[in-house]
Amino acid sequence: MPEEELKEENFGHQPCPLCHQKTLILTERETEVPYFGKVDLFSMTCNNCKYHKADVEAIEQKEPSRYEFEISNEEDMKVRVVKSSEASVKLPHLATITPGPASQGYVTNIEGILNRIKYQIETARDTAEDEEDKKKAKNLLKKITRISWGQEKQKLVIEDPSGNSAIISDKAVKSPLKVKAIEK
């Protein structure tokens with residue numbers, strides 16, 4: 001079932017937080033993600049310096065959540081993933097995407113998550129000077145290929161204190177995320 005676009009607003013000629021030119025376009029789009037609900041997709045893109053920031057937020061209030069999913073076959077590559085900028089994405093013994101100032105929110109699938117991690121590993125490999133680091137990266141890339149071809153199983157975990165993330169599949173196990181209280 002395709003995503004239904006509900007409404008979109010664009011605000012052009014905004015000041016960019018990076019280059020300070022009035023070339024930033026702010027976009028807010030409401031859309032329906034099947035089996036998750038309505039979400040707002042936010043993005044900022046500067047036509048001058050190419051700065052980009054995006055996030056996704058559920059319209060209805062969600063509880064902090066943790067999703068676990070075992071990637072076990074090629075069909076799992078199509079499973080829909082909603083990730084907010086506050087979410088951590090973990091592939092144990094492979095990679096972790098942690099939230100931070102540069103963190104992006106997006107709607108993708110498991111293949112998209114693996115491609116993002118693959119790109120990070122390729123970049124690390126290509127800039128590594130140590131042969132051992134290059135070899136580790138090469139082995140991780142082989143592992144990602146085996147996972148995406150369904151030849152090797154891998155757990156995927158998404159933890160989101162905002163509750164704005166999900167793995168949309170009957171195979172996904174959702175549980176409450178225990179958020180640590182901030183001491184004052």
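**Notebook: positive phi, strands and charges**

I began with His 13, which at 67% relative accessibility counts as exposed. The model I am reading is predicted, and I keep that in mind for each entry below.

**Entry on backbone angles.** His 13 has its place in strand 1. I then turned to His 20, another residue that is not a glycine and yet has a positive phi, here of about 65°. His 20 is found in the loop between strand 1 and strand 2, and with a relative accessible area of 59% His 20 is exposed. For background I noted that most residues other than glycine have a negative phi.

**Entry on strands 1 and 2.** I next asked which residue forms a salt bridge with Glu 8. The partner is Arg 29, and the closest N and O atoms of the pair are 4.0 Å apart. Because Glu 8 lies in strand 1 (residues 4-14) and Arg 29 in strand 2 (residues 24-33), the pair ties together parts that are 21 residues apart in sequence. I checked the accessibility of both residues: Glu 8, at 36%, counts as partly exposed, and Arg 29 is partly exposed as well, with a relative accessible area of 30%.

**Entry on the other salt bridges.** I recorded that the structure holds 12 salt bridges. One of them joins Arg 66 and Glu 68, whose closest N and O atoms are 2.4 Å apart. Arg 66 counts as partly exposed at 24% relative accessibility, and Glu 68 is partly exposed with a relative accessible area of 26%.

**Entry on strand 10.** I wanted to know whether strand 10 (residues 154-160) is largely enclosed or left open by the rest of the structure. Six of its seven residues are buried, so strand 10 is largely enclosed by the rest of the structure. Looking at its pairing, I found that strand 5 (residues 65-71) and strand 10 run antiparallel to each other over seven bridges, and that the partner of Ile 71 in strand 10 is Gln 154. Strand 7 (residues 88-91) also pairs with strand 10 in the antiparallel sense, over three bridges, and here Val 89 has Ile 158 as its bridge partner in strand 10.

I then traced three strands that form an open sheet in the order 9-6-11, with antiparallel pairing. Strand 9 (106-109) and strand 11 (166-168) stand at the edges with a single partner strand each, so one side of each is left without a neighbour in the sheet. Neighbouring strands of this sheet are turned by 20° against each other on average, direction ignored. Strand 6 (residues 80-83) and strand 9 pair over four bridges in the antiparallel sense, and Lys 83 has Tyr 106 of strand 9 as its bridge partner. Helix 1 (residues 110-127) packs on the sheet, where it touches strand 6 and strand 9, and its direction makes about 100° with that of strand 9.

**Entry on rings.** I stayed with Tyr 106 and looked at its ring: Arg 116 lies over the face of Tyr 106, at 3.5 Å from the ring centre. For Phe 36, I found the charged end of Lys 62 over the ring, 4.4 Å from its centre. I also asked how many aromatic pairs a search of the whole structure finds, and the count is zero.

**Entry on Ala 54.** Last, I looked up Ala 54, which lies in strand 4 (residues 52-58). At 14% relative accessibility Ala 54 counts as buried, because the cut-off for buried is under 20%. Leaving aside its neighbours within four places in sequence, I found Ala 54 in contact with Phe 42, Ser 43, Ser 103, Gln 104 and Gly 105. I also noted the separation of Ala 54 from Asp 160, which is 106 residues in sequence and 16 Å in space, C-alpha to C-alpha.

Technical notes
Residues numbered from 1 in each chain as written. Predicted model: local features only at pLDDT ≥ 70, side-chain atom pairs only at ≥ 80, totals over all residues. Heavy atoms only, no water. Pairing = 2+ DSSP bridges. Helix = DSSP H or I, 4+ residues; strand = E, 2+ residues; numbered from the N terminus. Axes fitted to C-alpha atoms, helices over the stretch in contact; angles between N-to-C directions. Contact = heavy atoms within 4.5 Å. Salt bridge = Lys/Arg side-chain N within 4 Å of Asp/Glu carboxyl O. Buried < 20%, exposed > 50% of the residue type's maximum accessible area, 1.4 Å probe, protein only. Phe/Tyr/Trp six-rings, centres within 6.5 Å; stacked < 30°, edge-to-face > 60°. Lys NZ or Arg CZ within 6 Å of the ring centre and 35° of its normal.
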